[in-house]
Amino acid sequence: MNMIQAINSAMDIMMERDPDVIVMGEDVGYFGGVFRATAGLQAKHGKTRVFDTPITECGIIGVAVGMGAYGLRPVPEIQFADYIYPALDQLVSEAARLRYRSAGEFTSPITVRSPFGGGIFGGQTHSQSPEGLFTHMSGIKTVIPSTPYDAKGLLIAAIEDNDPTLFFEPKRIYNGPFDGYWDRPSQNWSKHPAGEVPTGYYKIELGKAKIVRAGEALTILAYGTMVHVCTAVVAEAGIDAEIVDLRTLVPLDIETIEASVKKTGRCMIVHEATRTSGFGAELSAIVQERCFYHLEAPIERVTGFDTPYPHSLEWAYFPGPVRIGEALKKIMKDA
Amino acid sequence: MASEHPRANLQPLTLHIPEPKFRPGDAVDFAEVDVPPAGEARRPDTADKASDFIDLAYTLVRVLDDDGNAVGPWDPKLSPDVLRRMLRSMALLRAFDERMFRAQRQGKTSFYMKALGEEAVAVAAAYALDYEDMCFPSYRQQGLLIARGWSLVDMMNQIYSNTADRLGGKQLPIMYSVKEAGFFSISGNLTTQYPQAVGWAMASAAKGDTRIAATWCGEGSTAEGDFHSALTFATVYRAPVIFNIVNNQWAISSFSGFAGAEATTFAARAVGYGIAGLRVDGNDALAVYAATEWAAERARTNQGPTLIEHFTYRAEGHSTSDDPGQYRSEGEPNAWPLGDPIKRLKDHLIAIGEWDEERHAAQDKELAEQVKAAQKEAEKNGILGHGLHQPLESLFDGVFEEMPWHLKEQRQQMLDEESASGRPWDIKA
Ligand SMILES: Cc1ncc(C[n+]2csc(CCOP(=O)(O)OP(=O)(O)O)c2C)c(N)n1
């Protein structure tokens with residue numbers, strides 16, 4: 001399965017298992033979503049459980065919060081993460097705080113799916129990575145898969161979770177892993193072990209990172225598309241790096257991070273979102289707080305630049321092999 | 001509590017989910033679409049109170065009848081010369097769309113969006129506005145630029161993100177920005193331009209200026225919160241602004257019912273705000289012109305905002321990334337009861353003896369040549385498919401007026417890495 005099919009399968013299974021799970025969003029019904037992630041779900045589960053919505057992101061999330069308060073488990077889609085901003089207030093002031101402010105009388109068991117990230121010539125409004133905005137707000141979980149296998153297991157866990165969860169789907173790797181070289185032929189998931197996805201139910205606990213590649217030389221913390229770019233760069237460089245796929249940013253698996261950095265003594269953080277106040281800043285602070293006496297080199301951050309996503313220069317913006325390679329050089333300088 | 005099961009005898013509720021009339025494979029019959037005769041709708045004085053002509057938000061202002069005659073009180077009585085120029089702009093827009101759509105398919109750019117079937121909406125409005133008025137368009141009003149005589153080569157440069165792109169390759173293709181032609185920078189985030197147009201209009205009024213603003217969004221976009229904020233501000237401050245809703249029936253795969261069309265018209269959105277509302281035949285260039293002219297006069301005489309719903313049809317896919325065959329009947333575009341806006345204006349000009357088929361065919365040929373020549377010219381500056389046209393460091397220009405230290409540092413880092421990047425991971429290098 002590719003990642004879109006895995007995500008589709010997760011929703012399908014959860015709708016079969018739980019009549020309270022419903023799917024809603026712009027174009028998700030009859031058409032099955034502009035990325036086809038909800039294809040076939042309406043035909044199978046009916047129009048009142050899978051339906052198109054008006055084009056109003058704050059409406060979609062506000063309504064999902066109300067449905068959740070009733071007892072349903074809505075899985076709303078925001079067509080592109082760039083369009084989540086109109087829904088910001090409903091997400092951060094309402095969904096994220098409902099449990100806290102009502103002392104648990106009301107909760108928001110919603111799972112907001114949204115394709116994010118660049119590398120598809122989407123320009124400024126189809127490329128952004130807004131995860132840092134949400135990790136900054138308490139009460140909302142943030143999940144980012146990097147493989148079809150994880151996407152399905154994590155999405156099932158998110159839908160079962162009783163807290164509001166943002167599920168950001170790295171659209172660059174919907175169809176296959178990506179090594180960061182945009183001018184090389186693209187790969188697809190059928191030749192990748194993580195593309196082998198069981199058709200039935202399974203879940204991957206939220207808050208658990210995955211060691212993609214064990215190593216001794218340094219620790220690379222990454223998520224989403226960047227896991228693949230880092231893996232490719234490390235393989236070509238022949239460096240014994242430990243690559244940790246965070247999988248969920250909130251809650252964060254600090255045990256895995258701490259153990260890895262203490263073992264390797266070096267830490268590099270890679271994400272596509274802009275640098276300043278990005279999630280990398282948080283990771284860097286955590287590593288510094290917990291592993292300072294084990295560090296043999298300053299922590300390195302490789303991120304998107306602090307500019308909007310440029311259409312024609314997107315490959316210069318994207319943290320690709322060149323930038324990651326240079327950071328590797330720097331962090332390993334006195335090894 | 002009177003009973004243990006207080007709701008036992010009540011009927012279960014049901015949830016209504018709208019459904020379009022036709023899906024792929026269905027035969028199309030638009031008999032249910034209410035098309036009142038041309039010339040029937042009344043034309044209030046522009047000084048009349050909005051509450052005195054609420055009926056106009058529920059009918060369809062039409063000027064051109066089935067025989068190509070201009071009839072009724074809304075006939076703007078344009079000179080044959082203006083009519084021919086309008087026809088020419090609409091045909092040029094169609095030729096431009098056709099060529100750029102193909103350019104995308106040939107891999108020369110990443111994305112394109114056509115306005116096929118709704119050419120009258122932007123073009124006729126542009127003719128009815130002053131060149132000085134500020135337009136806040138959505139992504140399907142390239143007709144404004146074309147009607148305002150803007151350079152096709154300049155538009156294509158933007159589409160190709162090439163060396164001559166005035167936006168420096170930073171913006172998605174078709175998201176033009178031409179301040180000089182009164183064309184506000186387009187956002188990919190739907191309906192954000194609506195409150196901005198109101199703000200521009202309020203500023204113009206506050207300054208005692210004479211210019212007005214006009215803005216456009218699709219019917220699907222009327223669901224966005226920004227739409228409603230804009231209408232509230234406009235009515236409160238009686239802003240000199242024209243709100244255009246392009247009801248082309250489809251918002252990607254969602255039919256207009258998902259924006260509320262089953263319950264009311266889009267023009268009727270105006271009623272609740274106390275704003276003047278008109279619903280016009282969007283495929284009738286004369287009706288669009290007349291409505292815009294009327295709304296502009298209201299704005300210029302401090303009668304405040306007007307909302308115009310243009311009832312039309314999106315004959316092509318949503319964009320080059322869309323396949324409408326997946327969600328709507330193939331027969332729809334041709335069965336659309338309001339016809340083709342270009343043909344209708346052409347027929348009118350022929351009916352009044354000011355045009356003929358031969359001249360029209362010759363003009364189409366000439367316009368195709370004009371577009372082709374413009375494309376050749378633009379391609380001299382490069383196409384997106386041929387790699388990077390902007391200097392790498394320009395990536396950091398325009399975030400702020402003056403570049404702060406952190407951007408300078410990032411720019412330098414990028415340039416250093418690029419120049420050192422033979423084998424970037426080679427630690428000894
Ligand atoms: C805030 C926001 N949400 C979603 C989108 C994705 N999107 C782009 S166009 C579109 C449909 C708009 O339909 P409509 O307003 O009817 O205009 P039309 O394309 O028919 O001209 C959607 C959902 C977006 N661009 N911005």
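E169(A) lies in strand β6 of chain A, where helices (H or I, at least four residues) and strands (E, at least two) are DSSP runs numbered from the N terminus. The model is predicted, so that local features need pLDDT of at least 70 and side-chain atom pairs count only at pLDDT 80 or more, whereas totals for chains, interfaces and linings use all residues. Residues are numbered from 1 along each chain as its sequence is written, chains are lettered from A and ligands numbered from 1 in the order in which they are written, and side-chain values use heavy atoms, with hydrogens and water left out.

With a relative accessible area of 0%, E169(A) is buried (under 20% relative accessible area; exposed is over 50% and partly exposed in between, with a 1.4 Å probe and protein chains only). Its side chain is joined to that of R113(A) by a polar contact of 2.6 Å; such a contact is a pair of N or O atoms within 3.5 Å, of which, within protein, one must be able to donate a hydrogen and the other to accept it, and residues adjacent in sequence count only if both atoms are side-chain atoms. Beyond its neighbours within four places in sequence, E169(A) is in contact with residues including I7(A), F116(A) and Y174(A), contact meaning heavy atoms within 4.5 Å.

Aromatic pairs come next. The structure holds 28 of them over all chains; rings of Phe, Tyr and Trp (its six-membered ring) pair if their centres lie within 6.5 Å, and planes under 30 degrees apart count as stacked, over 60 as edge-to-face and the rest as tilted. F35(A) and F80(A) form an edge-to-face pair, 5.4 Å centre to centre with 65° between the planes. Because F35(A) lies in the loop between β1 (21-25) and α2 (41-45) of chain A and F80(A) in the loop between β3 (73-77) and α4 (88-95), the pair ties together parts that are 45 residues apart in sequence. F80(A) counts as buried at 10% relative accessibility. F116(A) and F168(A) form a tilted pair, 5.4 Å centre to centre with 40° between the planes. This pair links strand β4 (residues 111-116), which holds F116(A), with strand β6 (residues 165-170), which holds F168(A), 52 residues apart. Both F116(A) and F168(A) are buried.

At the interface, 52 residues of chain B are in contact with 48 residues of chain A. The rule finds one salt bridge there, formed by K47(A) and E19(B) with the closest N and O atoms 3.7 Å apart (a side-chain nitrogen of Lys or Arg within 4 Å of a carboxyl oxygen of Asp or Glu).
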